[in-house]
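Subject: Structure for you to look at

Hello,

Here is the structure I said I would pass on. Please open it first, and then read the notes below beside it.

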Amino acid sequence: MAHNIRNVDFASPTNSSAAFSVAPWVNGYAQSSDAGIVSKGVSTGEEFGLDTGSHLSIGGTTVRAFRFYVRDASGNAYNANSSIVPDGNWHHLVGVCDESNGVVTLYVDGAVVGTAAIPTAGGILASAENMKIGACPAGSDPNANANQFSGNISDVAVYDYALSGDQVAAQYAAAGAAPNLFEPPPATVTVDENAALVLPALAVGTPPMNYQWVHANAGTNMATGATNGNTLDATLTLSHVPAGLNNLQLTVANGYGSVVSNVLITIVSGPPQFAQNLPPKVTVPVGHSFTYAVRVQGTEPFGYQWYSNNVALAGETASSYTFNAVSGSYHVVVTNVDGSATSTISLLTTEAVPTNAYATGILALNPVGYWPLQETGAPAAATIEANYGTLGAKLGTAYYAGTNAIAAAAGGNVTLGQQGALGNSGDMDTAAGFAGGNNNSYLFVPLKSPPVEMNGTFTWECWVNSTSTGFSDILGSGGAPGDGSGNWGGVRLSYNRSTSMQAYWYYGSGSSYHSTDSGSGTISPGVWNYVVMTYDGTNLAIYINGNQDVTTPATIAPNHWVPFTVGTGRWDGGPTRSYSGLMDEVAVYTSVLTPARIMARYLAGTTAGSNYVQTVESDHPLLYYRMDATYTNPPPASYPSAVNFGTALAQGNYEPGVTLGGLSGPPIAALATNSVAAPINGVFSCVDAGYDPAFNPTGTQPFTAMTWFKGYPADNRVQTTMGQGQNWAMNLDGSNGRVVWNLSGAPVTSTSVLNDGRWHFVAGVYDGANSYLYVDGALDSSASATSGLTGETNANLFLGGDADYTFDQYQWRARYFAGALAQAAFFTNALSAAQIQQIYDTAVPTTPAISLTRSGNQLIITYTGTLLSSTNVAGPYAPVQGATPPTYTITPTGTQAFYRTSN
């Protein structure tokens, strides 16, 4: 390790941009820590660091890869992560900070392996520490160099400017380096017979370099090339793919070695086969255009013919069809030399544009996107447990967290269809198996109904058959708050290392809790046990196999933030302490079952000929899940439509887990009592509004995004109510309950807590220079945002989620919203404060006010709303031309005049 390297300092204040580069050669193996290679500063206070702090999960094991990061003047870190790990070979690393162009870049062996956007003019954090080579202090002590690199480091260079990609490639090549494919061709390709094929490949190394493409199985030379530069474009282009092509091999060589890359080709031939079919149903606003498109595979070329109501459409012979939407049926027939294929018949329905005052006010401002989210009807299918309790399906359906296609690919997170608990009674209904491990192996009920909070008296019951000897939670409704108070609430029922059951409850003092235990040996692993927990508002009791084992006084703090969960319990930004084993017949009551009723339930589950279900339902459970679900994986084409009444062509859909019109909507007077909202379950659901270039502003393009939202309240994660990837988002920060309007990393935060279970109207505005956040019609906060937007062409606009933070192994990084949404809109201009206030006032009208005062020889009218005047007290009244609130000045002329104001 080398330390106390002086005179290396790139600190710069806010409103300035820094540029520098750090370039060592490194040779090492797997590191046990975020090992520092070149660093300046102590942990969380570094100016910059080049280390192995990029964490990858491989087979459940954390592997550390190369990373370069810098901190701006405010201390925010910007990480250029890679997936390249030390492997016992020499590697040339280059970290480049180019703040003027808003990017941090990491190169390995001449190739870009990681980037991060950084705001321009953000400055660089100052550190009084000297630069170190081979370590980075893990704490505040600059001499506590715990994160030391294990291996060799050589030829460390530091530059006070940003190296270009060509300069990095030239440095790597100057060392006498074998070729490195920094853009290798894809390992596998599926292509149609006779189609064109392009396989991009770029290499860097010491010139001269040569390349050769060979059809490996046939031994046929496909292409060759050479360069005397440091980079080599070895892209292969074929005008049409012959039937026998199956295995291509690229070899790039120079005087120092060679690199080989193989491409396995799968050729699709024969009659047309639909890879992307038409949606069965589509809803489009009246007067809007719509585009159908299909993608087919087989032997090219293809011919297309579109039909409307089974009549061929003249001239419509492309793979897509754009038209002014008319209700009817549509399909396409695709032909080639081997045959033909007919698409799904799609039924298109046009929907009238809403004419209520609120919608009219929105549409008058020409939004490109306007999603009232007033649809009702059947939701998209999901992997659920049906609720046989009194709360019903709309509010009581339970969802498996690893759901649909994710569940099918999860390989054991949840195993459905297992042998159930009631076999001795003759009931052969199945059970669910949970894998544990703090993953997505759990079932949850979104907290969108007050009874699910379970803050009064309750009874929980289930049958468990554990395969684990560790500690885990089997049922839970408690955890960290989402209002920033720090006081946890709720309760959970836990399995204590195969010997007993425990209850844990929070009593409103931070994360502190009390607990009780049924006693060692009261429960056995590997067999079915009937477990009950009751709470009467004063005492909590645990029953096992019909017998009461423990009772204790308990005061449980309310839980307003986290869902009721099965197969896990303690919720802190996501589920923790997951259960491993089988679970069956889960029920929740808002009353306390008597010992006699609990014993009756146990006997009904273990006695031949008994009717366990009837016994449960006779006590009117709020929730009752038989745990007999089957996996469901509906095609996206079957998702219900979320109609966009804006000018953009993109139409949205409700993903699985969203109950259309599942909750009452915001208090918009113009909608009377008919307003509904889309409940987002907080774990895997949202409304996908699709992609349109208009939704993806870049640079200093002004725009406005707005929505009504209500947290259940939401839990303590960051959750997105409306956003387009990392380009822009309206987030709810559950750690403090405030809304954050975030533009490519430049946040503006609300001044008050909005995660309060009430409806709020929020609007984010960017005018090209400044960012504004409006709450309930009024400007709440603002900030300079001169760095511009980076854009993100691969991110759809999500309502209730973020396209860049979707499925996550532990849910901590997923940003699905736990709450309800309605009336979202997007504009490609910066709405004014008056326009936003007017939208809100249309929704929640206020009583107009008017007063009259004298100032010298003039009269001053102070008012809200629209000022009207008449020469007669009875009217008619007409708007006063040129009058704008809050004041209007009158110079008396002797003519009688009467004034009033109106919304």
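Among the elements that cover the buried residues of helix α1 are strands β2 (19-28), β7 (90-98), β8 (103-108), β14 (180-183), β17 (202-204) and β20 (231-233). Please keep in mind that this is a predicted model.

Helix α1 itself runs over residues 165-174, and its buried residues are Val168, Ala169, Tyr172 and Ala173. Looking down the axis of α1, these buried residues fall within an arc of 135°, so they line one face of the helix. The face of α1 turned away from the buried side carries Asp166 and Ala174, which are exposed. Just after α1 comes Gly176, with a positive phi of about 75°.

Next, the aromatic rings. The count of aromatic pairs is 46. One of them is made by Trp25 and Tyr172: the pair is stacked, at 6.1 Å centre to centre with 20° between the planes. Trp25 belongs to strand β2 and Tyr172 to helix α1, so this pair ties together parts that are 147 residues apart in sequence. Both Trp25 and Tyr172 are buried. Another pair is Tyr159 with Tyr161, where the ring centres are 5.6 Å apart and the planes are at 65°, so the pair is edge-to-face. Tyr161 is partly exposed, with a relative accessible area of 37%. Elsewhere, one aromatic cluster is formed by Trp371, Phe695, Phe703, Trp728, Trp741, Tyr766 and Phe826.

Now to helix α8, residues 833-843. Which of its residues are buried? They are Ile836, Ile839, Tyr840 and Ala843. Seen down the axis of α8, the buried residues fall within an arc of 95°, so here too they line one face of the helix. They pack against helix α2 (357-363) and strands β57 (703-711), β62 (760-766) and β63 (770-775).

Gly777 sits in the loop between β63 and β64 (778-784). Is Gly777 buried or exposed? Its relative accessible area is 2%, under the 20% that sets the limit, so Gly777 is buried. For a sense of distance, the C-alpha atom of Gly777 is separated by 60 Å from that of Asn89, and the two residues are 688 apart along the chain.

The last topic is empty space. Rolling a probe the size of a water molecule over the atoms shows where empty space is left. How many cavities of 30 Å³ or more does the structure hold? There are three.

The largest cavity contains about 70 Å³ of space. Its lining is made of 14 residues, and those nearest its centre are Leu447, Pro563, Asn681, Asp715 and Ala818. By class, that lining has 10 nonpolar, two polar and two charged residues.

The second largest cavity has a volume of about 40 Å³. It is lined by Glu453, Met454, Asn455, Phe458, Trp460, Ser477, Gly490, Val491, Ile556 and Asn559. Strands β40 (458-466) and β42 (489-496) are the elements that give two or more residues to this lining. Five residues of the lining are nonpolar, four are polar and one is charged.

There are pockets as well, and the second largest pocket has a volume of about 580 Å³. Of the 25 residues that line this pocket, Pro279, Pro636, Ala637, Gln651 and Asn653 are the closest to its centre. The elements that give two or more residues to the lining are β25 (281-285), β26 (289-293) and β53 (652-654). The largest share, four residues, comes from β26. The lining of the second largest pocket divides into 13 nonpolar, 10 polar and two charged residues.

Regards

Notes:
Residues numbered from 1 in each chain as written. Predicted model: local features only at pLDDT ≥ 70, side-chain atom pairs only at ≥ 80, totals over all residues. Heavy atoms only, no water. Buried < 20%, exposed > 50% of the residue type's maximum accessible area, 1.4 Å probe, protein only. Arc of directions from axis to C-beta. Contact = heavy atoms within 4.5 Å. 1 Å grid on protein atoms, 1.4 Å probe; cavity = no way out; pocket = protein on both sides within 12 Å on 5 of 7 lines; lining within 4 Å. Points joined across faces, edges and corners; volume = space filled by probe spheres on them. Nonpolar A, V, L, I, M, F, W, Y, C, P; charged D, E, K, R; others polar. Phe/Tyr/Trp six-rings, centres within 6.5 Å; stacked < 30°, edge-to-face > 60°.
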